[in-house]
Each structure stands twice: as structure tokens, then as C-alpha cells.
Amino acid sequence: MTAWIDGQAVERGTAVAAAASLLAEAHGPVIAGLCAEAAAVQAAYDLARAIGASLDPAAGAGLYADLGALASGGAMTTTPAEARGRADLVLVLGAAPWASGLPGDLAVEAPVRGRAAGQPRALLALGGPGDGGVRHVAYPAGEAGLPADIGLLRGLVAGRIAGPHPLADLASRLRGALYGVVVYDPSEIGALAAEMLNGLVKDLNEVTRCFALPLGDPHQGRAVTQVAAWSTGQGPRVGFGRGRPEHDPWRFDAARQAESGEIDAALWLASLPAPLPAWTRRVPTVALLGAPTGDEARVVIGVGVPGEAFGAALWHPRRAAIAWQEAARQEAPRQEAARGAGAPQPDVLPSAAAILADLQARLAAFPVSNPERSASC
Amino acid sequence: MLTRIAGGRVVDPTAGRDAVSDVWIEDGRVVAPSDRAPDRTIDAAGCIVMAGGVEVHSHIAGGNVVLARLLLPELGVSEPDAPNPHGSGRDVGMLYARMGYTTAVEPAMPPVNALATQLELAEIPLLDRGGLCVMGNDDQLLQLLRDRESADAVRDLVALNVATSRALGVKVINAGGADAFKDGAVRFALDDEVPAYGLTSRTILNGLLDAVEALKVPHPLHVHCSNLGLPGADDSLIETLEAAEGRRIHFAHAQFYAYAAVDKDNPLTGGFTSAAPRIAEALARHPNATLDIGQVVFGQTATISLDILRQFSGRKAASPRKWIVNAGDAEGGGIVPFRYRDRGPTSSLQFAIGLEMMLLSPDPERTILTTDHPNGGPFTAYPRILHLLMDKEARDREVAAHPKVAAERSGLAGIEREYTLSEVAQLTRSGPAKLLGLADRGHLRPGARADVAIYRDQPDRTAMFARAHRVLKDGAVIVEDGEVVAWTRGHTLSLSVEADAGMARRTDAYLQGRFGAGLSSFTVPDAAFPDREVFEAVSCRT
């Protein structure tokens, strides 16, 4: 089964009709999660525009730590492949980047392009967990925490802190590197520290080359940001309640809206795995899920997993770009055939984009106020 | 359906046409006048009828356009009934269509970010779109050139990149400059070496010029020279023009190079004066060359460029004081916000030089109107710019309101020329269409695509060009009285070019080694656009 209403299995068409009714009756719907292929995210922004919904990706909080810093001061960044190819020094901030596997790869390679080619690579860590499997030089975080350390480091690099300091050696290494890269996870260090880090990196470029490398979230947030930007001119958290896109990271935080009772219906989009927030149990919700069990929300519709069931445009963490991912090789049909002709055909799940387009078509037929046509409310 | 656009003044310089007559349309194409009764008549009495406008250089999609919106959220806000050229793709399409433009090209699509750029282009409604694939700082190409591989190998790599990214043409941005920047350089010129490869910018340019010719790409190599915006940049443009040695070449946003150094010995400190006459003269001598202007207009904007060396060097002029430089997998990109100060001396001089270049043009089909949106300002300034080109009196009033330096250091005030409507059509229609090699647009001869702009003829040319009376795309009316009435979606134009299988295998291995992802990861398949036919093929030259 691939569709459920109140935990009871139903035909998919019945579930889509129920989903359309649920959204049609809503005064303040939100479309959240957005952990999906680009085509589905695009369809979600199109649907939101049509029904006056707001949007918030699962990646929201961590994403906005970086977007906030970007809008405050800008950034100087590079890509994972350039870090691998060019960096003679990599500084890993905090604990989160170690889970990505990137520091391990960087530790065993050396620069092959640019002026540092042929030189060894120094892997340094500040406030890291001390991964014994990867050879690196560890600098412990100070008592005030990582954000304060980044500020101190910036002061040291700029020569604004006199006298001996535990991080003085790290500052001098950064200044001496030919192509330094500072790897961080914005959700771990937060917006203020990310802004300080961008300042540190920019300062270093007065004398050498050094770039920040923010690691992406695992929930397609950086792909969502791009779709949001070209669909609305703004970042992902926008609302179409007044018929035009309004960007407000605080106001359109889905969890906050659920908590304060500002939303009365939701569509949760996760064709790829994303943690389901608790508020989907309280707010009447339609969930489009790549791996459903059926009891996640009032209406649950199973959808194909992008990059497995079909080819899709997805965030590629090592390329730091939206990239094409072919469908996984289909081994299953042969196994089915081996079981004999009587075996039932596996249900081919529709894409989330197709369900969202279907919903938009159905909602266009409902006699509800369309914000595009009557924006005066 | 047979349509007659009746009684307008039809302006089509490619047919020597400028008279009151009819334009007939059937099945999305312009047809010869018919004896049959039309199914629909569009009254164009008192109107000017032209082909749809064609844009050759406007940053309307891609990772850097996205970053500009994120850096400057305040710049991209869409207010009710006020679509924003810095805003969504929807706003961009609407604003172009309202001005009578029906085709627009994004000139900077890095192959590593082709899929996202193409997804974004496809979300610009109403227009046909296209992207130019950027090469010239990518390690794979620089390795081929360093290792003195054959011209055929370079050609095959260019073909593969165009085919994989589904581009309409090829662009080079400060060849080798981004790579040099990553190795610490802050200045870089045509005969400087990219340190890690021992190659000059000239060698890279040569390789790409040859490859584009060998592949018979309709659009010539689209070149962003070194030293953009610096006093003495005119030398860079002229040197690059000479380096082309007769091969076809297009210069992007040439206004930003038309700056002759006042003090030749200390070019960076003495300021600049107009080099428009020098560039116009060079253009007259080189029929192989075209340029677009990159006209400056006043106000807040964001400069967006893959020339990270220049963007880094220009960072301290950022206004407001925030900027982005991304050292990407080849170029990356730089976003530096900038405010062209209304009545500021430098901005006023830049403004005057752009107009001067168009007014001195030996051939308006080869000096195409752009603002290099958003770098010189938004494309929505075109109506005002056309007005100033057409009206000497309005121009004099404008110049009089600017600081004296604009008149003293440019020849603008002394130019009597007023553009005719035919010349406007050359500047905005036939010129850009020919440049892109799109034989089916930019004119109204039988067989042309029925992309038509109808303007109410009025003395206020700004008002006239800002909101077309009617716009037809492929024969369908999409704009009435300056408002969009049908949200058609247009196509993305991509060049039909065969990729060599051997180069594809070799590149797949290269990309696997560098990115842990092979060639298929870099493709732009139709399946990325479910339930839509997005691409339209454009043939190479025969």
C-alpha cells in the first residue's frame, strides 16, 4: 500500500482528493520539509504561490545560520573539490565536519593543482572531537567556546592581540599557508560565528589565499535555497499569504508557526529521509514520503525516492552543486520474475512533483479565494 | 490561425522596411501577405511594429545570480504590482516581455553548475532563453593546452562541454585570470602567464577561438577581457581584438573597457577619459568583431562576475560594504554590490561613454545594447537609453545635469546623431539575433518566428519602449497594454553539437578522479524537467 488516511490504507486517488480538501479548507497552510528532488521543490513553490502557503525547509535553522552571515557581510568560499586539489592547509572547526568524512579524505591527499601542488597538506582541528583515525594537529577549544575562538583567531591574524596566546601558532600557520581552507558546519557554530569566520578569511586574503568551506546540511537545504531564490527572489522561508512572496526567516519558521497556532494545515514533503517534526501530529498534515509507514500524518502518500526510483536533480555534497543522479540499477524486477508469473507487479510510485502538480490542478478547481486573483484580504 | 497586424509602421532594417504596412502571421511564423481573410486582426494603427527584442548578455540565471539575491535580500524584494529585475525569474520574464523582448541569453553558465543554471532558465517565463558555457579557467582545458595536445582535442573538449551543459555558445572570462587569482595574483593581462600552467591568457584565448570556429558555433567566442574597469582597459580590448587575427570575436560589456588612462605612466592613479572613438575606429577596421555595451545607469545594483580576480580587486568599492568571492571549481564568482551615484563624477562619465560608443558606432548591428544586467544597472533601463539615443535634446538636458567631467572627458556632448527606429531595431533586434546565429528571429521577413513587438508611436520614447502595446511570442499575444495576459513558458535554445565518444570517456575518468562523480552527474537531461519540453535545438553553421 502506498496511501493512507488516518492510518488506514486507501487508494492513492482517494488520498490525493483528501489532501486537496485538507489544503483547500486551510486559511494558513505551510509547505515544509522540502527534502526532495529539485523538480518536487519547484512544484512545492509553485503550489505555495497558487494557494497562498508559506514554506520552510527541514534544513531551515542551520541554513539560516549561513544565510544570515552571508547577508550581513558576505563570504569568501571555495568548494570541496578545490580544497582537495589545492589546499596546503585545512582547518576543521568543531565536531560536525568530522562526521562528513571530508577531513579523512583531505588528510590522506596532498594538493595537486596551483602553487601548492607537490607540497604536503597540514590538517588542523580547532575544538574537534579528536579523531584518532585521522592524522591531524588538534587545538583545543577555549573555555568560551568555538565562536569566541574564531574571534580570537581573527584578532591574532590581524595582529590585534599582543603577547603569547595558545592560538598564536595557528594564526601564524593560517597566514603562512598558500591556499588555506576552513571547514565548518554553520548549524554547529551559528550565524555570529559564521560572520566572524568570513571576516577572518577575508582578512587573510590581504596577504595570502584562504577560503571558508561550509558543509551542506543533509536535507537538500542548499538546493532548496537556489530554487527559492529563482522562484521568489529570496531565501527559502517565504510566505505567499498576501499573493506575493514575502521573506521572513522568523515569521515563516514552520515550528514557530505551529507552536503559535498560525497555521491550520501543512504539507510535509520528504521524498528523501528527513526527521518528521512533532507538530505534524497536531496540525492537520498531508505527508508525501519516500519511506512511509502510514501513520505519520492525517494523509500520507508514498512517493518515489529520487535517484533510486528515477533520475533526479539533487544536491551533491562533494560537488557542492545541484547534480544529476541517475536512477539506481533495477535489480528487483529480476527477483520478481524468478518468483514466478503469479507474483503481483510492484506498485510504481509517482514522483512527489507529479502529486504536487495534481494537487495544484485540483485546488485550482476549488472555490477558494486565490491570492493571485484577490490579494486584498 | 491567420493573423494580420494591420496598419502599423513596420520597421525591419534587414528588409530595408520602414513604412506603414501589414505583418501576416500563421502557425507561429511570419508569412507573406495573404489574399485570405485573416482569422484575427490586430489593429496597429499609430504603432511601430518590430521583431521581438533579443538580449545577448544579461545575468538572469545561475549560482552567482542566486548568491546576489542572498547577499542583498533587500534588492530582490517584489512589491505588489512592481516586478523587480533583481527578483524572481518570473519577474525577469515579465519585465523583458513588457518591453517587447522575446529572447534572452545568460552569458555565464559554468559547466560545473549547468544543471542548476538550466533549471533556473527554464523558470523564466514568456521568453526563449539560452546560456553560454564558460571555459578558460578549468583545469582540464588548461592541462590540454599545457601538454600541447592537438587543436582537435581542445575542439572535442569544448564540444563536449557545450553538449553536456546544453549551451548555445561559448564564453571566456579573463582567460586564466581566476586560476592566477587562486595563486595569489591581483593583476592579470593578456600576456601574463597562469603561474601553475606556464600558459599565457593569449594562448588560452587562441585555443578557444580556434575551437569555436572549428565547431562552427553560430555565436562567436564571447570574450570578457582582462583589466575590466581599469584606466587603460582600452589597451586590453584592442590587444585582444588584434589577437583574434580576423577570427570572429564578441566583446562583452565593452563600455567597461573604454577607459583610456589619463596618465599613461601611472594609469591607475590618473583617472580615465573616454576611449569610445578608439574602439569605434577599431570596430570599423575589424568586421570580424562585435560588442555589446554594458551601459551604466544610476542607482543601487549588484555586480556579478565570474572574473573573481577583478571582483576581489574591486571589493573595497562595495556599497553596501559586503561582498562575496567564491573560488569555485573553475572560475566560481564574485558579487560586489555597487551604487552608481546619481550625478557622481565617475558614474556620470561611465554613463556618457556608453552612450558615446553607441552614437559613434560604425554599425549598430555590431554594437548591441546591454547594461550587462545587473552590472551596469538593470535591463529595465533600456527604454530610457533608447530615448537618449534617439533624442539629442533630451540627451543635452541629461548631460547638463551631470558633473562637467562627463562632458569634458567624453565626446558625448558634441555628437549630433539621433538614432532612427531602424537603427534601434539593429541595436536591439537584428544585431543580437545575427550575433547569436538565430536566423529565425530579429526580423519580420516571411519564415521568421512570430515574435513581434508593437509599440504606440509617441514622442516619449521611454514610455513607448517600457510598455509595449502588444507583444506576440510564437504568434500568441502575451502582452496587452504593457501587461502580461498569457503566461507562456518559452524554450531554452541549445546548440546541436556532437560530442566525441573518446573525449567523453576521457572526461568521465577525469571528473571521477576530481569530483568522485562522472560525466553523467554533470548532464542536463530532459528528465530533469518532468512533463515539459524545455529545449529547442539550434543548428551549427554549415
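**Notebook: where chains A and B meet**

I began with the contact between the two chains, to which chain B gives 48 residues and chain A gives 49 residues. A reminder to myself: this is a predicted model.

Next I looked up which elements of chain B make up the side that touches chain A. I found that α1 (63–71), α2 (89–98), α3 (114–122), β18 (323–327) and α17 (501–515) of chain B each supply at least two residues there. The largest share belongs to β18(B), with five residues.

I then checked the kinds of residue on this side of chain B. I noted 23 nonpolar, 15 polar and 10 charged residues.

Which strand of chain A is joined to β18(B), and by how many bridges? I found β5 of chain A, residues 74–78, running parallel to β18(B) and joined to it by five bridges. For one pair to look at on screen, I picked A:Thr78, whose bridge partner in β18(B) is B:Ala327.

My last stop was the layout of chain A itself. I read off two domains: domain 1 takes in 3–59 + 220–340 + 347–365, and domain 2 covers 65–214. I looked up how far apart they sit, and their C-alpha centres are 36 Å apart.

How many residues of each domain are in contact with the other? I found four from domain 1 of chain A and four from domain 2 of chain A. On the domain 1 side of that contact, I noted one nonpolar, one polar and two charged residues.

Conventions
Residues are numbered from 1 along each chain as its sequence is written. Chains are lettered from A and ligands numbered from 1 in the order in which they are written. This is a predicted model: local features need pLDDT of at least 70, side-chain atom pairs count only at pLDDT 80 or more; totals for chains, interfaces and linings use all residues. Two residues are in contact if their C-beta atoms, placed from the backbone, lie within 7 Å. Helices (H or I, at least four residues) and strands (E, at least two) are DSSP runs, numbered from the N terminus. Ala, Val, Leu, Ile, Met, Phe, Trp, Tyr, Cys and Pro count as nonpolar, Asp, Glu, Lys and Arg as charged, and the others, Gly among them, as polar. Two strands pair if DSSP finds at least two bridges between them. Domain bounds come from an automatic or database domain assignment.
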